[in-house]
Amino acid sequence: MTADALVLCGLYVGVLVALAIPLGNHCARVLAGEPTLLGKLLGPLERGMLRAAGVDPGAEMSWRDYTACVLWFNLFGLLAVYGLQRLQHLLPLNPQELGPVAPDLAFNTAVSFASNTNWQAYGGETTLSYFTQMVGLTTQNFVSAATGIAVLVALARAFTRRRAETIGNFWADLVRATLYVLLPLSLVLAVALAADGVVQTLAPAAEVELVQPAIGPEGQVAFQQTIPLGPAASQIAIKQLGTNGGGFYNVNSAHPLENPTPVTNFLECLALLLIPAALCLTFGKLVGDRRQGWALLGAMFAIFVPLLGLCVWSEGQLAPQLVELGVDPSAGNLEGKEVRFGAAASALWATATTAASNGSVNAMHDSFNPLGGLVPMWLMQVGEVVFGGVGSGLYGMLVFALLAVFLAGLMVGRTPEYLGKKIEAFEVKMAALVVLLPSAAVLVGTAIAVAGAAGRAGVSNPGVHGFSEVLYGFSSAANNNGSAFAGLGADSLFYNLSLGLCMLIGRYGIIVPVLALAGALARKQTVPPGPGTMPTHSPLFVFLLAAVVVLVGALTFVPALALGPIVEHLQMIGTHP
Amino acid sequence: MPRAIRPAIVLLLLLTGLTGVVYPLLVTGVATSLFSRAAHGSLMRSRVGTVGSELVGQSFSAPGDFWGRPSAVNYDARSSGASNMGPLNEDLHAAVRARIGALRTADPEATLPVPADLVLASGSGLDPHISPAAARYQARRVARARGRSEAEVLALIEAHTEGRALGILGEPRVNVLRLNRALAGAP
């Protein structure tokens, strides 16, 4: 790892924390309904929207009602995206005259965006009209992220309430998260990106005269190049901030019109982790003990930083098989990477985008060195709790916190407590569900795919790397990440349906137990901390929490990883001592 | 009918209007009025018309032009894409061997190690840049084909090298289309 790479990573972490502190405070104020400047400005809009929907924002909901609202809202969002894709040829803003999207691909894309996964089995510039991208996808980018924040806030409330039957009002949480957090941040970022070259227009694609005529694969000669345009900056801003990740173009943020300079790259990369990091501090403030928020953030960094180091180091190397051919290894592994970013910034992005459940890419993970590819794969497999999705990452991490106090309680023979709530059988059962469901979906899904011809047909790389492509795909879908080892031909009936199902399990199979957990916690009495209570803001707890996440992730996935990236690494170095 | 259905539909419609219509149109309005050129793809115009986008690479293969990075989509910008080949893929090794062969054939006396970006394909297939090392590697071939001195070509490369932003972000790079146009004497 070079000094430059080290400085880049240090700068990234420093700026991230510096921005997360004020944003975390802001989120806590607006989500608790306290007055803010933005609230004065947009308050009438918030109240007007809720009134039009017939919602009394003060009306509290039980966990069952809250869950029902989440599910209905997401169902209608899913149907809307499906419908827009199927009917886009009849709708406006389709200058390239693209036809309707096939049913299985439309289903996959609708699930993908409603569930905050943003897996791309489609190529944006060749499949979706501007109208579908804006009205369908940009909207889901906002509301799926806002759904995550709402569920997190409901869980935070549950910790602060005693003998309560309710956990808040979903509609108020949803609208507040959108209006006061996601929308203002996106506006600022979108304009900044557009200023530095990200396209933003409703004009059709531009035709330019080539300096040298291009010869196509079938020998046809092209004198022109088509530059695809569109309202990209607005979508890219929220796809980064909302841990969505669905790119405007096929190659996502590797595309020079989606991510044209090192500066846009740094901004987009910061936006990947900004809200998930800030929400840790928001949580601390909401439960009335900021140290709790810092402890959660600390545990995330404790896992993130070493893996970042491994990935940056790995991509700084060039496979000995390529060095032998005469390639200069000093710039690292540049296959699938862009010159303007280089190996270090590409590895930083890959680690951040899979730590967050974002899944946007600025380089092709499929072409990473084996260990460089293992890092993003495993970060998804631990359940997207190291930063994770907006809202969803932290509620996942809180589930691990419950498991950590449970394990500590087992060791000393005491009933475990977290934030003054006794953790009992029901809570641990829900926590186990949250951990087991996506892991099972990854492993069972991968096993079915590699056992059958339909699954193996999608594989593009030979040998163990082909297995890695499938494992990566299911890890990504079931943990709502959305990045890919993109050699996998995922636009087939088998993958569209199986990965669509995994995305549904990974999203709603977690939201429902988490809200049930919130309901149970809200009903409990709060116990004051005694001399035997384990403090959950201490370095010891940060270590314990990080260790639980790492151990669960390792126990579940090392056997599968051993068949893919680990074997490939040994093959790479084994034949060239 | 469950009570959640009406607010679900009404709020989805209202939020679609706000985030799916008002927000992108607002950004479009701001971007096209303040940064019109960037918002429309950073197109480069000349007397004969639009010659390309400075952000989107084009294919060059004449000995007198600087060559860009290998592209999995042959710089067809209608559909971006990468090879997605893993580092141990034999097809990748064969492709790299062929690319090194082509470079050596075009300039048999080259002794410098082959810069990685010149023989490994980009992520987008549209990478507009090469590293300064990749440009210098080609300087002698280009100079000979154009009947210019190598020093002159190296100076042109130097003048077209963009450094890191803020001294740390990104990698030094050369825009291939701009360099080739400067080489051809375009203003």
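Visitor: Where in chain A does Asn116(A) lie?
Guide: Asn116(A) lies in the loop between α4 (103-114) and α5 (124-127) of chain A. Helices (H or I, at least four residues) and strands (E, at least two) are DSSP runs, numbered from the N terminus. This is a predicted model, where local features need pLDDT of at least 70, side-chain atom pairs need 80 or more, and totals for chains, interfaces and linings use all residues. Residues are numbered from 1 along each chain as written, chains are lettered from A and ligands numbered from 1 in written order, and side-chain values use heavy atoms, without hydrogens and water.

Visitor: Is Asn116(A) buried or exposed, and why?
Guide: Asn116(A) counts as buried because its relative accessibility is 1% (buried is under 20%, exposed over 50%, partly exposed in between; 1.4 Å probe, protein chains only).

Visitor: Which side chain does its side chain make a polar contact with?
Guide: That of Ser144(A), at 3.0 Å (N or O atoms within 3.5 Å; within protein, one able to donate a hydrogen and the other to accept it, and sequence-adjacent residues count only if both atoms are side-chain atoms). Beyond four places in sequence, Asn116(A) is also in contact with others, including Gly242(A), Asn480(A) and Arg507(A) (heavy atoms within 4.5 Å).

Visitor: New topic. How much space lies in the largest pocket?
Guide: About 660 Å³. On a 1 Å grid over the protein atoms alone, a pocket is an open set of points with protein on both sides within 12 Å along at least five of seven lines; in a cavity, a 1.4 Å probe fits but cannot get out; lining residues have an atom within 4 Å of a point. Points join across faces, edges and corners, and volume is the space filled by probe spheres set on them.

Visitor: Which residues are closest to the pocket's centre?
Guide: Of its 33 lining residues, they are Ser330(A), Ala331(A), Gly332(A), Arg164(B) and Glu171(B). α12(A) gives the most to the lining, with four residues.

Visitor: On to chain B. What order do the strands of the open sheet have?
Guide: The three strands run β4-β6-β5 (chain B), with antiparallel pairing (at least two DSSP bridges between two strands). At the edges are β4 (129-130) and β5 (161-162) of chain B, each pairing on one side only. Two bridges join β4(B) to β6 (residues 173-175) of chain B. In β6(B), Asn175(B) is the bridge partner of His129(B).
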